[in-house]
Amino acid sequence: MIKKFGILANPAKHSLSPVMFNAAFQAKGIDAEYGVFEIPENNLSSFIDQVKHEPISGLSVSLPYKEVVIEYLNQVDDDVKKIGACNTVLNKGGILYGFNTDYKGSNTALKNVLGPLENKKIVIIGAGGAARAVAYGAMKEGANVYIFNRTKSKADSIAIEFAEIFNSEIHSGSLNDIVSGDVLIHTTSLWTKEKGSKTPYNLPPKFCNPEYIKNFELVMDISYKTLNNPLINTAKKLRKHVITGDKMLYYQAIEQFKIWIGKEAPALIMKEALNRSLV
Ligand code: ATR
C-alpha cells in the first residue's frame, strides 16, 4: 500500500517540501507520496484522527501548528519538550511520535560555513517558535547566544528558560540593543508579511542597515519565501557570508526523511528538486 506523508500547515500551498520529498521517494523507489494538508484550526483534531486511521505515516508541521500539535501526540522527544515546538510527526501503528528537526537544520547550515559553533557569538533577531529552535540548536553546540526582539519580554523569557536548561548564560534585549557578533540570524515573520504589499520594504528595519551588518562575519535568514530581502541584499553588498532561508528547510528535511524512512536521504536529489522550485 502506498505510504502517505505531508505538510500540515495553514496556509500550506506555498510549501516546497512536496517537491523535495516526492523527488526523494521516486529516486529511492519508495512507494510513497507527500501531499499538502492545509487544515483550518477548528479541524485540527479531526485531521489528527484521520492521520491515525487513514493512516498517514508522517507529517511535517509548520505554522501555526508547531506548538499546538504537541497536545495531540502520544510521545515527544526531549528536544520537542525543551524547544516547545514539534515540526516532525511519525505515525507508528496509530501511535504518534513528535520530533524537532528545525534546530538540526539550522545547525547544519551554520556549521557548513563556520565549522564548530562552540564559543561563536550568535545574535538572533526574533523570539517566536523559529527563534526558539535556532537558539536551542546554537546553545546545544556551546555557542554564546544573544536574542533580540521587538517585544523585549519574549526574548527575556526565552533567555531565562534556556539559561536554566543549558546551565549557561544567554543574553536578551530589544531591537535597539543589538550587539555585534560572529553570526546574525534573522527569524521574524517580517518578509512573509511584507511580500505582496504594494510598497514592500519602503522602510527596511534598522537591523538591515550596513552599520549593523558590517559587524558580522555571517548573516543567515530562515525565511525561504523572499530570498532577496533587504537583510540578505545588504549582507551580499558588504561581501559577507550569507545563508538564505532555503538551507534550513533543506537540512531539516534530510533529518525528517531519516526519521520517517529509517535510511539516509538522497540529499543531492532533494537539493536539485528544491533549487528548481526556488524563485
Ligand atoms: P515563528 O514561529 O515563525 O517564529 P511567531 O511565533 O509568530 O512565528 O514569531 C514571529 C516573530 O516575528 C516574533 O519575534 C515577532 O516579534 P514580536 O514578538 O514582537 O511580535 C516578529 N515580528 C513580526 N513582525 C515584526 C515586525 N514588523 N518587526 C519586528 N519583528 C516582527
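The model is predicted.

Helix H10 spans residues 246-261, and helix H1 spans residues 17-28. The two pack at an angle of about 45°. Their axes lie 11 Å apart. That angle makes H1 oblique to H10. The crossing of H1 and H10 is right-handed. On the H1 side, the contact is formed by Ser 17, Met 20, Phe 21, Ala 24, Phe 25 and Lys 28. These residues meet Leu 249, Tyr 250, Ala 253, Gln 256, Phe 257, Trp 260 and Ile 261 of H10. By class, the contact of H1 with H10 comprises 10 nonpolar, two polar and one charged residues.

Helix H4 (residues 102-114) also packs on H10, and the two axes come within 7 Å. They cross at roughly 120°. H4 is therefore oblique to H10. The crossing of H4 and H10 is right-handed. H4 contributes Asp 102, Lys 104, Gly 105, Ser 106, Thr 108, Ala 109 and Asn 112. Their partners in H10 are Lys 247, Met 248, Tyr 251, Gln 252 and Glu 255. The contact of H4 with H10 divides into three nonpolar, five polar and four charged residues.

A further partner of H10 is helix H11, residues 267-277. The axes of H10 and H11 come within 11 Å and cross at roughly 145°. This crossing, too, is right-handed. Asp 246, Leu 249, Tyr 250, Ala 253 and Ile 254 represent H10 in the contact. From H11 come Ala 267, Leu 268, Met 270, Lys 271 and Leu 274. Eight of the residues in the contact of H10 with H11 are nonpolar, two are charged and none is polar.

Helix H2 covers residues 44-53. Leu 44, Phe 47, Ile 48 and Val 51 are buried in H2. Seen down the axis of H2, the buried residues fall within an arc of 100°, so they line one face of the helix. Strands are among the elements that cover these buried residues. They include E1 (3-9), E2 (32-38) and E3 (58-61). E5 (88-92) and E6 (95-99) also take part in the cover.

Two single residues were examined in turn. Ser 174 lies in strand E9, residues 171-174. Its relative accessibility is 16%, so Ser 174 counts as buried, the cut-off being under 20%. Not counting residues up to four places away in sequence, Ser 174 touches Phe 148, Asn 149 and Lys 152.

Lys 214 sits in the loop between helix H8 (210-213) and strand E11 (218-221). Lys 214 is partly exposed, because its relative accessible area is 45% and this class runs between 20% and 50%. Leaving aside neighbours within four places in sequence, Lys 214 is in contact with Leu 238 and Lys 240. Lys 214 and Ala 273 are 59 residues apart in sequence. In space, C-alpha to C-alpha, Lys 214 and Ala 273 are 34 Å apart.

Terms used: Residues numbered from 1 in each chain as written. Predicted model: local features only at pLDDT ≥ 70, side-chain atom pairs only at ≥ 80, totals over all residues. Heavy atoms only, no water. Buried < 20%, exposed > 50% of the residue type's maximum accessible area, 1.4 Å probe, protein only. Helix = DSSP H or I, 4+ residues; strand = E, 2+ residues; numbered from the N terminus. Arc of directions from axis to C-beta. Contact = heavy atoms within 4.5 Å. Axes fitted to C-alpha atoms, helices over the stretch in contact; angles between N-to-C directions. Parallel < 35°, antiparallel > 145°, perpendicular 65-115°, else oblique. Left-handed = near helix turned anticlockwise from the far one by under 90°. Nonpolar A, V, L, I, M, F, W, Y, C, P; charged D, E, K, R; others polar.
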